[in-house]
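Here's a quick briefing on a protein model, put together for someone who likes the numbers next to the picture. Have a look at the structure first, then work through the notes below.

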Amino acid sequence: MDLMRRWLAGWRLCRGLPPVIEYDDAYAAVLALPGRERELFARDDDPAVVDRLAKHLPPDHWLTITTHHGDDIASQLAAAGVRPFDEHKTLMSIDLTVHPQRTAADESDGPLEYVRVHVDGIVAAHGMMAIVGTDAIMHDIQTEAAYRRRGLGSVVMGALAARALDRGARTGILMATTDGFHLYRKLGWQAEATMVTGSGCPRPVSGDLGPVLTGR
C-alpha cells in the first residue's frame, strides 16, 4: 500500500531510525530493541505473502500488515505461529488544507517539527511530525493525564497542521491508537486501513508498534 510506504518514510525519521531496508515482500525497519530487533511491514495483505512472512518470522522480529481485513489477518498470523497484539492501529490521512488550525510553541529540526502546549509552566501536551515531500507524518501526540479532556490534543494537531502547510505539505498521515482514533476522526481525518502487528516471540512483549529475505 503506497500510503503505508509514505507513512513509514516519516515514522522512521520521527523514531530516529536508519532508512528502511526494501525486500520483495516487505520493508524492514531496524529498531535494535530487546524483543524488537526489526519490524517488517508487508507490502500488501495477499494471504500467500502474509503466510510466508509469518512462518519465517524470527522471535525478535515484529510483523505489521496493513489491510482492510484486520480480524482475518490477525487469525492468519496466529495460525502461522505469530502472536498478534490485541490492539489494532488505524492508518489515517487528511487533506491538510481542511484541517482545523491552531497556534502553539513550535520548534524545527531538519525534517522534524515539534509542538508543545504549556499549562501552568509545564508541557501539558506535545506532538511531532516529519515532513517528507508534500506529506506530514504526525507522531507521538500525547497529553499528560492531569490535563486531558481540555482540548489540548486538538491544539497540538492544529498547530502541527498549520506548520505543515507552512512547509509545503498537503497531506497528513498518521497511525492512530484506539484512544487517538476518535480525536483524529473528530478533526476530519479519514481511516484508510487497519494495521495489524504481531511478534515472533510466543510470549507477550512490551513496547509500541516492532528472516528468509533477500535484499535488493
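Helix α4 covers residues 152-166, and its 15 residues at 1.5 Å each should span 21 Å, which agrees with the 21 Å between its end C-alpha atoms. The expected span here is 1.5 Å times one less than the number of residues in the helix. Helices (H or I, at least four residues) and strands (E, at least two) are DSSP runs, numbered from the N terminus.

Before going on: this is a predicted model, where local features need pLDDT of at least 70 and side-chain atom pairs count only at pLDDT 80 or more, while totals for chains, interfaces and linings use all residues. Residues are numbered from 1 along each chain as its sequence is written, and side-chain values use heavy atoms, with hydrogens and water left out.

**More on α4**

- Since 12 of its 15 residues are buried, α4 is largely enclosed by the rest of the structure. Buried means under 20% relative accessible area, exposed means over 50%, and partly exposed is in between (1.4 Å probe, protein chains only).
- Among the buried residues of α4 are Leu152, Val155, Val156, Met157, Leu160 and Leu165, along with Gly153 and Gly158.
- What do the buried residues of α4 pack against? Their partners are the strands β8 (112-119), β9 (122-132), β10 (135-143) and β11 (171-176), plus helix α5 (178-186). Contact means heavy atoms within 4.5 Å.
- After α4 comes Gly168, with a positive phi near 90 degrees.

**Helices α2 and α3**

- Helix α2 (residues 47-55) packs on helix α3 (residues 70-79) at an angle of about 40 degrees, and their axes are 9 Å apart. The axes are lines fitted to C-alpha atoms, for helices over the stretch in contact, and angles run from 0 to 180 degrees between N-to-C directions.
- On the α2 side, the contact uses Pro47, Val50, Asp51 and Ala54, and α3 brings Ile73, Gln76 and Leu77.
- By type, the residues of this α2 and α3 contact split into 5 nonpolar, 1 polar and 1 charged. Ala, Val, Leu, Ile, Met, Phe, Trp, Tyr, Cys and Pro count as nonpolar, Asp, Glu, Lys and Arg as charged, and the others, Gly among them, as polar.
- Val49, Val50, Leu53 and Ala54 are buried in α2. They cover an arc of only 125 degrees around the axis, which puts them on the same side of α2. The arc is that of the directions from the helix axis to the C-beta atoms.
- Pro47 and Lys55 are exposed, on the face of α2 turned away from its buried side.
- The buried residues of α2 pack against β2 (26-33), β3 (36-42), β4 and α3.

**Thr66 and Leu91**

- Thr66 sits in strand β4 (residues 61-67) and is buried, at 6% relative accessible area.
- Not counting residues up to four places away in sequence, Thr66 touches Met1, Met4, Asp45, Leu91, Ala193, Thr194 and Met195.
- Leu91 belongs to strand β6 (residues 89-95) and is buried at 0% relative accessibility.
- Leaving aside neighbours within four places in sequence, the contacts of Leu91 include Met1, Leu3, Met4, Trp7, Thr66 and Ile173.
- Leu91 and Ala191 are 100 residues apart along the chain, yet their C-alpha atoms are separated by 6.1 Å.

**In and around β10**

- His139 touches Trp11, Cys14, Arg15, Gly127 and Met128, not counting residues up to four places away in sequence.
- Thr134 is in the loop between β9 and β10 and counts as partly exposed, at 46% relative accessibility.
- Leaving aside neighbours within four places in sequence, Thr134 is in contact with Gly168, Ala169, Arg170 and Thr171.

- Most residues other than glycine have a negative phi.
- Asp120, in the loop between β8 and β9, has a positive phi near 55 degrees and is exposed at 67% relative accessibility.
- Asp140 of strand β10 has a positive phi of about 55 degrees and is partly exposed, at 32% relative accessible area.
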